[in-house]
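Please find below some notes for a reader who is opening this structure for the first time.

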Amino acid sequence: MSLLRKVLIAGTGPAAVQLAVLLKRLRSSNVGIAGRKSVRSDPFFDALRQSGGAVSVDAGHSRLEKLKGECFVDAVFHEYRNIDEQWDTLILSVTADAYLPVLAQLRTELLQNLRCVALISPTFGSNALIRNYLREQGCNAEVISFSTYLGDTRRMEGREPNHVLTTAKKRKVYAGAAGISSESVKTFRQLYGEAGITLEAMDTALEAETRNISLYVHPPLFMNAFSLGVIFGRPAVPKFVYKLFPEGPITPVLIREMLELWKEVSSLVEKLNVKAVNLLQFMVDDNYPVRPESLARQDIDAFPELHPSHQQYCLYVRYASLLIDPYSEPDRNGRYFDFSAVPLRPIFLNHEGAWEIPRMPKEDYYRIKIIQGIACSSRVSCPTIDTFLARYERYLLDAAGSLTGSPLTEAFTPQSFEGDIGRICTELQLSNAFEA
C-alpha cells in the first residue's frame with residue numbers, strides 16, 4: 001500500500017498548497033489540509049469553503065511547469081483536534097518550533113495509525129525530537145527529514161490565499177530517516193523526480209538536516225548589530241539582507257562570524273558521527289552559483305583546508321559576486337537583476353494587534369538555541385553561537401521594554417526550549433549518536 005494513498009498536510013501556507021497540488025496531480029492522493037483557526041488562517045479556510053476545496057499553483061516561468069496545477073482537496077480541518085479520519089502519511093508544513101504543538105493536538109489513535117511523518121522544513125535535531133515524542137504516543141511511523149522545502153512559493157497579491165505562485169525550485173533536496181534503507185525516502189524521491197527535483201538520500205536524518213544553508217548563514221546575517229538595529233529599530237530608510245555595508249550588514253566582521261559558526265557546527269556534527277559540509281561548495285553548487293571568474297574551482301573544492309584568512313576572502317567574494325544575479329541578462333543600461341535587494345523586515349503589528357518579530361530571525365533563534373543545547377550536551381564549545389544568542393536576547397529585551405501601547409507576542413521573551421532540547425538529546429543518546 002502506498003505511503004501517499006492518504007496524506008494529511010498540517011499547515012495553511014503557500015508550501016502546503018504546492019504540496020497538495022503535487023500529490024494530487026502526480027499521485028492522485030487523497031489529500032487533507034489542516035490548520036489552527038486564527039486571524040491569519042481564516043482567509044485561507046474561507047477561500048477553500050467558497051471554492052469547494054480548490055487550491056491552485058501558478059508557475060513563475062516555463063521551467064516550473066511540472067509544479068503548477070489546480071485540484072480539489074478531499075478534506076479540510078479547521079482545528080487539528082477535529083481531524084476524525086486515519087491517514088497514511090502526515091506532512092508537517094509548519095515551522096520547526098510548531099511541530100510538537102501540532103502533534104500534541106492530534107488524537108492518539110490518528111498518530112498510532114500513521115506510517116510516515118514528513119518534516120518539510122526541519123532544523124538540526126527535529127527528527128530526533130519527533131521520534132522521541134511519537135514513541136511516547138505508541139506511534140511507530142517512520143520520520144523523514146528533508147533538508148529544506150522544494151522551492152520558493154508565495155501568496156499572490158490580489159488573489160485568494162488558496163491560489164499561490166511558485167517562483168523557483170531547488171535543483172537538489174536531501175532527505176533522510178533513522179535508517180539507511182528508508183521506504184519513505186524512496187517514495188518521496190520518486191515523487192520529487194517526477195516534479196524535476198533531485199532528491200538525494202542521506203544515511204541519516206541528522207545528515208539531511210545539516211544540508212540547509214540557513215543553518216550557516218542566517219544567524220550571522222540577522223543576529224548582528226546592524227540587522228538587529230533595523231529589525232527592532234524600524235528605520236525609515238530600508239536596508240537589505242544580502243548587501244554590503246552600508247546598504248546591508250555584510251562586513252569582514254560578519255564574514256568572520258559566519259566562518260566561525262560553520263566551524264562550530266562542523267565540530268558538533270562530526271562529534272555526532274555526521275560528515276560536515278564544505279560551506280563554500282554547498283553555497284555555490286547547491287544554492288546560488290557564481291561565475292567561475294569570481295571564484296576559482298580549486299578554492300571552492302579545497303575550502304575546508306584553506307587558511308582562515310583565505311576562507312574569509314572567498315566568502316566575502318561570494319557575497320560580493322551575488323549583489324547582482326551574475327547569470328541574468330543586463331538591461332539596456334547594462335544593469336543586471338538586483339539579486340541582493342531583499343529587505344530586512346522590521347517588527348510589526350500582527351493580525352491580532354500584537355507586536356511580532358519577523359520569521360527571520362525568530363526561526364533562527366529557535367534553530368541555534370537548539371544547536372547550543374545539543375552542543376552543551378555533547379560537550380562541544382560554541383562561543384560564536386553563544387555570542388549570537390546573547391546579542392539577540394539583549395536587543396529582544398531592550399525592544400520589549402520600549403514598546404508601549406500594544407501587547408507583545410511571546411517571541412519577545414527569551415526562551416530556553418529546554419523541553420525540546422531534552423527530548424532531542426535523549427533520542428540522540430538512545431541512538432548512540434553521542435554519549436552524554
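The points below take the domains and their interface, then the salt bridges.

1. The model is a predicted one. In the domain assignment, the protein chain is divided into domain 1 (6–211) and domain 2 (213–428). The centres of the two domains, taken over C-alpha atoms, are 25 Å apart.

2. On the domain 1 side, 27 residues are in contact with 30 residues of domain 2. The two domains bury about 2,400 Å² between them, and 58% of this is on carbon and sulfur atoms. Phe124, Arg171 and Arg211 supply 25% of the area that domain 1 buries against domain 2, more than any other three residues.

3. Polar contacts between domain 1 and domain 2 amount to 8 residue pairs, both residues being at pLDDT 80 or more. At least two residues of the side of domain 1 that touches domain 2 come from each of α5 (126–136), β11 (172–176) and α7 (205–209). The largest share, 7 residues, is that of α5. By class, this side of domain 1 has 9 nonpolar, 7 polar and 11 charged residues.

4. Between domain 1 and domain 2 there are 3 salt bridges. Glu427 pairs with Arg135 in a salt bridge whose closest N and O atoms are 2.8 Å apart. A network of salt bridges links Arg131, Arg135 and Glu427.

5. The model has 21 salt bridges by the rule used here. One of them joins Arg5 to Asp88, with 3.4 Å between the closest N and O atoms. Arg5 lies in the segment before β1 (6–10) and Asp88 in the loop between β5 (75–77) and β6 (89–92), so this pair ties together parts that are 83 residues apart in sequence. Arg5 is partly exposed, at 42% relative accessible area, whereas Asp88 is buried, at 7%.

6. Arg115 and Glu183 also form a salt bridge, at 3.4 Å from N to O. Because Arg115 is in the loop between α4 (108–113) and β7 (116–119) and Glu183 is in helix α6 (residues 183–194), the pair ties together parts 68 residues apart in sequence. Arg115 is partly exposed at 29% relative accessibility, and Glu183 is partly exposed at 45%.

7. A further salt bridge is made by the side chains of Arg359 and Glu363, at 3.6 Å from N to O. Both residues lie in helix α14 (residues 359–377), 4 residues apart, which is about one turn of the helix. Arg359 is partly exposed, with a relative accessible area of 47%.

Methods:
Residues are numbered from 1 along each chain as its sequence is written. This is a predicted model: local features need pLDDT of at least 70, side-chain atom pairs count only at pLDDT 80 or more; totals for chains, interfaces and linings use all residues. Side-chain values use heavy atoms; hydrogens and water are left out. A salt bridge is a side-chain nitrogen of Lys or Arg within 4 Å of a carboxyl oxygen of Asp or Glu. Buried means under 20% relative accessible area, exposed over 50%, partly exposed in between (1.4 Å probe, protein chains only). Domain bounds come from an automatic or database domain assignment. Contact means heavy atoms within 4.5 Å. Buried area is the accessible area (1.4 Å probe) that two parts lose on being put together, summed over both. A polar contact is a pair of N or O atoms within 3.5 Å; within protein, one must be able to donate a hydrogen and the other to accept it, and residues adjacent in sequence count only if both atoms are side-chain atoms. Ala, Val, Leu, Ile, Met, Phe, Trp, Tyr, Cys and Pro count as nonpolar, Asp, Glu, Lys and Arg as charged, and the others, Gly among them, as polar.
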